[in-house]
Every structure is written in structure tokens, then in C-alpha cells.
Amino acid sequence: MVRVEVKWQKEVFKDLEVDISAPPAVFKTQLFSITGVAPDRQKIMGLKGGLLRDDADWGSTGIKDGSRITMLGTAGAVPVAPTQAPTFLEDLPEDQQDVTGLSKYGAGLENLGNTCYMNSTLQCLYGVEELREDLAQYAAASLTSTDPNATLTTATKSLFSSLSTSAQPVPPMAFLLSLRKKFPQFAQQAREGYYMQQDAEECWTNLLYVLRETLQGSSPAAGSAVERLFGVRLAARLTCAESGESLEEVGTAYTLKCNISAEVNHLADGIRLGLKEDREKTSAALGRIAPFVGSSQITALPPYLTVQMVRFYYKADVQQKAKILRKVAFPAQLDVFEFCSPELQAELKAPREAAKAAEDAKAGASKSGSGPAAAGDAAPGPSTAAGPADAPAPATMAAANTPPAASSGALTARYELCGVLTHKGRSADSGHYVAWVKQGDGRWILFDDDRMEVREEADVLALAGGGDWHMAYLLVYRAVRAPQAAAALPEGGHRAASPVPMEEDPKAQA
């Protein structure tokens, strides 16, 4: 590593670290992350050999500590290339051809050295279509902004765009540099000099924290995209046995915790345990710290529910996060109705009944073999129009199966599994992470860094733990909504999670 000074326009960046063991293309990507000037628009001067080439040998450039480098180039959108004639698959270079047929599901991510924790996090978040749409609309306040939040969000937007268009694995170099700049703990190195493995849940939490700050709606009422998509409103009621005091607290979490004990065998058991509260607080009546116990209830549900399997704990004797290997089964369909407050349960009753009626009607139609096509086979005449006295007319049946407008598209507290981040190994800071993401056509795709494979749902549900193989660490569930009415209200026929101030430290949500 050498430290240099880079002058760009009126700005001077001092003590920039340059990894001379990596090609100059990496240095250009580093400059892009702090200036917004794309690498192909950079002209770097001040070193031997003229303009710095992407594949130049650092040894021939004369670079050393204190070197002064000048960069020319303007930040901003790259000019749109002229329209080209259609290119057929067989005419493309071999490295650009989608030989697997999986590019419609995205692309793999190259491992840049113990970055599987980051790659699996990004692939699970890329599977949230609404988040991709919000990122596509994001524009930094200034193209030359050096705000690390804006830089990281811009890098995420650019990376997601590359995943949607590339037929080959994408190197997430700009994102990695931006992540390490904002959160230096992800740049931790071992004594041997290589970058260390990190905890995927910490990467998930920190990235969502940044996106919550930057992906704000067009008005204060619109709130944050992360709040709208992932925020779970909770209300805790705590009681002090010594004084009889009761306290109520409300807040927003972005993951539910599935705590794991010897009695926990299923996901619902762990969530129930995770909602229990046992903490010490100041008692006004006693004038000192006292134990309070109680539990939390959900008061507002999000479109996407994230559950963390709390499998790691700090083991002091070895000074690392040890892993709980116990098998904890999780379902393809999760119902969190029992964890909701009575008020929210009352709101959910109508949407749940509408969803149940639609399912029963669909099952009945499937069982009888009737449907729109069958109904149109023969039009009954006057002599056959009348049926048994207790048989409802078709119009009456249709009305019965049509949900009221207030329930149309509303949340039901039921969720379907759409993403799983798994870990293989005995410590959160070692081993290997991969992502399993359900696509719009129902297929499950395994993202193992740059490799993509089609898997069955049974393979995903087998990731419950109990051995040294991959086991679920983060689960992502997508809301199952009540059916749409003929004249549906705008989305939001349910209580939406309203913004609540978030702790500055993203680990406060852990």
C-alpha cells in the first residue's frame, strides 16, 4: 500500500491508499466511489509513462508514498450510445452468451475475497422488486457528493442495474469499496493481510440502515422505502414485580428474532420466545434499577417480513461467535396472526375472511371441475334455469366471493417464503454464506457467489439446521394479501407502519 495525493478540479484528496498489488483499474474504481467520475472517463496524470492505463504495471509508473496525481474527468451521466442494429445470441462473444438460461433471474456476484456474506445479502435484497424500483428512482443530491450514505446508495443502485442486464457474474468492486468506506469494520484484515469474513446479518442491518436514510419519499408522509417495505411496528408492555409498575414502549424493528433454546423446534416457537422482554430499567417508584418483564405485540405489519434465526452467541473463551446448530423448522407459509395486538387482529379479520373465501371458492371450483369455460358450454333455457330452492344464483355466489373494498389487497398476517440466507460453518465470522431466492415464476434459484442453480422448494425447507451443512440464518417472507375487488382501493387497505425515529446506531435493532 502507498499513500498518494489526488487533485481533481478544485478538490484535493490526501492520503489516499493505493493497493499496488491490484491493477490500476481497481484504483480507478476507488476514485469513482469518491468523485462520481466513471473509470472510462478518467484521465490520470502525474506518473511515469503518460496516462495511467487499466492494465499498467505499477512498478513502471514510479508511484510512491507522497506522489501527487492529477485526475481529469467530469462526473455525470455517460452519454447514451447510438442505437445499434439487433445482435443475435450466436453473434455475441462466448463470455456474453447466457448459456445457462438463468439471466432472466439476475446474475451471480464474483467473490472478491471473503465477500460471500455481502453477495448473499445483496442477492436476497435484489429479490425484493419494490426495493429495486425505489433504488432505480434514486438520485443523489449532488453528483460529486462525498457523503458515504449517498455513495453507498448510488453503488447499490448501479450494482442492481448491472445484475438486471448482465448475462455473466458481476464484480461488485464499487459497492464493496463504498461499504468499507461507510463501515470500516468490513475492511478488517487478518495478520496475514487478507480481508476477513464478516457476519451477513451485520451487513444486512447496516445496508438497510443506510437505505432507510437515503430512500426517502417525495413527501414526509411517504416516509422511507425501507420503513414502508420492512418496518414492523411493535408495542411492548413491561411490568416490575417489585413495584407493580407497568410501562408501555413502541418502536419499529426491521427483523423479528427467532431465539433458539432447547424447547424451540419450530419458527413460531422461536418468534414467540423472541417477543418476550426481560430487561432492567429505572423504577420511578423504587428510585433504582429494577427488573421488568413482559412481551411485545405487533401493531403494524410490512409487505416483507424478515426473521433472523439467532444462531450465534459470543463465546468468551475463544473470543468469537459460536453457532447453535439445533434444527428449527420453518414453513413455506407463515402466519403471524397470534403475535399481533388485539386491535390489529380486529383489522385483519375481514381481509383474512376474504382470502379464506377466495381459497375455498377456488378449491371448490377445482374439485367440481367447473370454471368459466365449463359455465359457457351450455346456456340454460327457461326450463332448466330454476334449481333447488336452497341453491344460490350465480350472481349471488359471485357477490359472496367478492371481498369488500376495504379488504381489497389488504394484508392478512399470512406470508410466503421468498428468500433465505444460509450459513455453513461453526462461526458467523468464518464459513460460507449463500442466498436462495424465489422468483416470480415460482422457481427457486441458489446464488452461490458467481454460481446460479435451480433448486426445489423441498431443498430450501431442508435448510433447518441440525448439522454442519447450510442452515437458515435470515428468512424473508412476502405478504399474502386479500384478493382484489372489482373496484379496488389504492394499496393500503391495512394499517401501515408509520415512521418512527431510528437509533443512530443500526445495531440498536439487534
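First, the ground rules. This is a predicted model, where local features need pLDDT of at least 70, side-chain atom pairs count only at pLDDT 80 or more, and totals for chains, interfaces and linings use all residues. Residues are numbered from 1 along each chain as its sequence is written, and side-chain values use heavy atoms, with hydrogens and water left out.

Let's start with salt bridges. Side chains of opposite charge can pair when their charged atoms come close. The rule here: a side-chain nitrogen of Lys or Arg within 4 Å of a carboxyl oxygen of Asp or Glu. How many salt bridges does this rule count? The count is 21.

Take Arg3 and Glu17. Their closest N and O atoms are 2.9 Å apart. Arg3 lies in strand E1 (residues 2-8) and Glu17 in strand E2, so this pair ties together parts that are 14 residues apart in sequence. Strands are DSSP runs of E, at least two residues; helices are runs of H or I, at least four; both are numbered from the N terminus.

Are these two buried or exposed? Arg3 is partly exposed, at 41% relative accessible area. Glu17 is partly exposed too, at 37%. The cut-offs: buried is under 20%, exposed is over 50%, and partly exposed is in between, with a 1.4 Å probe and protein chains only.

Next pair: Arg279 and Glu249, at 2.7 Å, N to O. Arg279 sits in strand E8 (residues 276-283) and Glu249 in strand E6 (residues 246-253), so the pair links parts 30 residues apart in sequence. Arg279 is partly exposed, at 26%. Glu249 also has a relative accessible area of 26%.

Now a buried residue. Glu227 is in helix H7 (residues 225-230). Its relative accessible area is 1%, so Glu227 counts as buried. Which side chains does Glu227 contact? A polar contact of 3.4 Å joins it to Thr252, and one of 2.7 Å joins Glu227 to Tyr254. A polar contact is a pair of N or O atoms within 3.5 Å; within protein, one must be able to donate a hydrogen and the other to accept it, and residues adjacent in sequence count only if both atoms are side-chain atoms.
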